[in-house]
Amino acid sequence: MLYLQNKLNCNKQNLSLINKHFYTTRNCLKKWFLATLFFSFSALANDDATTWLSKMKTALSEQQFEMSFVVVHGNKADPWRWYHGQINGQEIEVLTSLNGPGQQIVRRGDNVTYLQPEQLAYTIQGNVPAGPIPEIIRSDISKISQWYDFHLVGKSRVAGLPARLIRVIAKDNNRFNYWLWLHEESGLLLKSALINQQGEVLEQLQVSNLQIQSEPNELIAEVAKAELPEPYNLVPSQSHLVLDWSIGWMPEGFAKVKSDQHYLLGQKEIVDYMMLTDGVVWFSVYVRRLNTGDKITIGEFSSGANHYASHQIGEYEVTLIGKIPPKTANQLLKSIYWN
Amino acid sequence: MNSKSVKESVSALVDGQDENSKAIDKLKHDASLSESFANYHLIGDAMRNELPDNLNLDLAANIAAAIEKEPVSFAPNAKVTAQNEEVADNKKSNVISWFKPAAQYGIAASFAAALVIGFQTETQQDVHVPQPVLQTFPIGGSLDPVSMQQVESIPTSRQYSAAEQSQRINAYIMDHAQQLKSRQTNAISAEQVKLQQAEPELDQ
């Protein structure tokens with residue numbers, strides 16, 4: 001009996017110990033939370049965050065590096081390898097998809113070459129490859145500061161390396177937010193997340209391995225010499241066709257960068273097309289004339305950050321695809337009018 | 001004798017535990033069995049730590065043959081490197097292997113071209129669908145805007161089928177992806193300014 005009593009007491013003691021431990025942990029968490037809060041308020045100084053973003057941009061264009069990363073969007077995860085370097089002052093980078101049939105994106109200075117399994121290789125003039133890396137890291141920071149706030153939030157550890165977290169928060173509800181984790185030493189991107197207004201993570205990029213080199217990688221040297229297709233020369237007048245419809249409302253900061261008519265990929269239908277961008281996000285608007293009396297089902301769905309929305313306005317089917325919030329997409333589609 | 005027990009006797013034969021000549025007879029006539037015979041020998045060698053430095057598996061031979069046949073257009077040095085692989089140090093051949101997939105696109109692209117031709121002959125002859133890459137570029141002034149086009153219409157109300165609908169959605173998604181890959185990003189700031197100025201005119 002005594003033994004039992006003893007054991008009970010002991011258990012009680014244990015319990016209180018656990019409780020005590022729990023409270024200490026909670027206190028710690030509380031302190032940590034307060035510290036983070038304090039940090040995020042004190043770091044409201046946009047300047048620090050801007051400095052970090054500039055550091056990232058410089059590093060991304062000047063460093064010689066090789067990194068492996070995984071992009072998670074929706075229920076898909078795609079591994080990539082990224083090589084970057086400079087040869088004779090020219091920036092060279094190679095992005096290789098590691099799963100499936102594989103595709104490569106090669107950038108030499110202001111020319112981007114796409115090597116895809118089902119198409120002939122081709123080269124486009126431009127310095128922002130359409131690939132797995134969020135365009136925001138290439139955008140003009142001073143320009144996009146009109147539409148986004150930058151916050152330096154704190155330190156953390158990503159890919160085994162000390163990192164700084166920068167939050168890029170949209171000033172309106174027509175854009176998504178970005179969280180960027182940058183390598184403390186070099187400023188290179190270690191992780192990024194695209195987050196909607198509700199705080200849900202829509203897309204993520206996570207670096208698993210980063211090697212910073214002093215000399216250009218051999219692959220970079222090889223690409224510097226490789227024969228790549230000549231860039232297409234797009235005639236501005238052709239990519240700025242005047243169409244007989246207009247968009248009545250678009251989020252602030254967005255502008256048309258392309259308007260034309262072309263065959264929908266793989267189809268024998270011609271569509272009117274407009275591309276809009278704010279320098280961070282590029283989205284497409286299509287207008288297709290329906291046969292008299294035809295009715296289409298209004299369709300809408302999201303995959304990762306990409307949203308697809310389709311409406312019928314009179315005899316036309318209007319469609320929007322891109323990384324913008326669904327509400328914004330629908331508002332824009334409804335504002336389309338014919339001259 | 002079922003295949004499992006034949007394999008067992010092949011295994012026993014390899015281990016020198018079976019004098020049964022039936023297994024040997026079977027071996028001579030069955031290709032998959034002789035393959036497992038070779039594999040068992042290999043396993044045995046590995047267990048006894050007697051593997052040669054250079055493993056010559058059939059797979060390796062096939063890959064080598066495939067690489068040999070491949071047209072190397074994108075990375076001119078790749079073929080030479082592939083031949084000198086034994087000489088080249090490990091690191092270098094590693095790097096080449098990452099870049100290698102590019103060389104396959106020559107084949108893949110011609111396959112795509114064949115697909116496009118197939119698509120054209122199968123459907124209407126009068127509609128010329130250009131190659132996917134070029135297709136995303138403007139078709140020029142020869143065609144009226146969609147919105148003004150004279151479309152031969154069937155004057156009955158029609159609801160698109162689910163299959164048609166999803167096919168079109170796919171086409172839009174692929175087209176959007178292709179548009180992103182043909183955007184000229186460095187010209188944007190200049191063009192944006194130009195367009196913003198032109199906006200009132202467009203919006204009239």
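The legends below describe close-up views of a predicted model.

Local features need pLDDT of at least 70, side-chain atom pairs count only at pLDDT 80 or more, and totals for chains, interfaces and linings use all residues. Residues are numbered from 1 along each chain as its sequence is written, while chains are lettered from A and ligands numbered from 1 in the order in which they are written.

**View 1. An open antiparallel sheet of 11 strands in chain A.**
The strand order is E6-E5-E4-E3-E2-E1-E11-E10-E9-E8-E7. Strands E6 (122–125) and E7 (148–158) of chain A are the edges, each pairing on one side only. Neighbouring strands are turned by 15° against each other on average, direction ignored. Strands (E, at least two residues) and helices (H or I, at least four) are DSSP runs, numbered from the N terminus. Two strands pair if DSSP finds at least two bridges between them.

**View 2. Strands E1 and E2 of chain A, with helix H4 of chain A on the sheet.**
E1 (residues 64–73) and E2 (residues 76–87) pair in the antiparallel sense over 9 bridges. Ser68(A) stands opposite Arg81(A) in E2(A). Helix H4 (residues 218–225) of chain A packs on the sheet, touching E2, E3 (90–97) and E4 (104–108) of chain A. Its direction makes about 70° with that of E2(A). Contact requires C-beta atoms, placed from the backbone, within 7 Å. Axes are lines fitted to C-alpha atoms, for helices over the stretch in contact, and angles run from 0 to 180 degrees between N-to-C directions.

**View 3. The hairpin of E5(A) and E6(A).**
The hairpin joins the two strands through 6 residues. E5 (residues 111–115) of chain A runs antiparallel to E6(A), with 4 bridges between them. Asn111(A) stands opposite Gln125(A) in E6(A). Tyr122(A) and Ile124(A) form the covered face of E6(A), and Thr123(A) and Gln125(A) the uncovered one.

**View 4. Strand E15 (residues 282–289) of chain A, mostly covered.**
In E15(A), 8 of 8 residues are buried (20 or more other C-beta atoms within 10 Å of the residue's own, with C-beta atoms placed from the backbone). Trp282(A), Ser284(A), Tyr286(A) and Arg288(A) point one way. Phe283(A), Val285(A), Val287(A) and Arg289(A) point the other way. In a regular strand the side chains alternate between the two faces of the sheet.

**View 5. The antiparallel partners of E15(A), strands E14 and E19 of chain A.**
E14 (residues 270–277) pairs with E15(A) over 6 bridges. Four residues separate them in a hairpin, where Gly279(A) in the turn has a positive phi of about 95°. E19 (residues 316–322) pairs with E15(A) over 7 bridges. Tyr286(A) is the bridge partner of Tyr273(A) and also of Thr319(A) in E19(A).

Note on methods: Two residues are in contact if their C-beta atoms, placed from the backbone, lie within 7 Å. A residue is buried if 20 or more other C-beta atoms lie within 10 Å of its own, exposed if 12 or fewer, and partly exposed in between; C-beta atoms are placed from the backbone.
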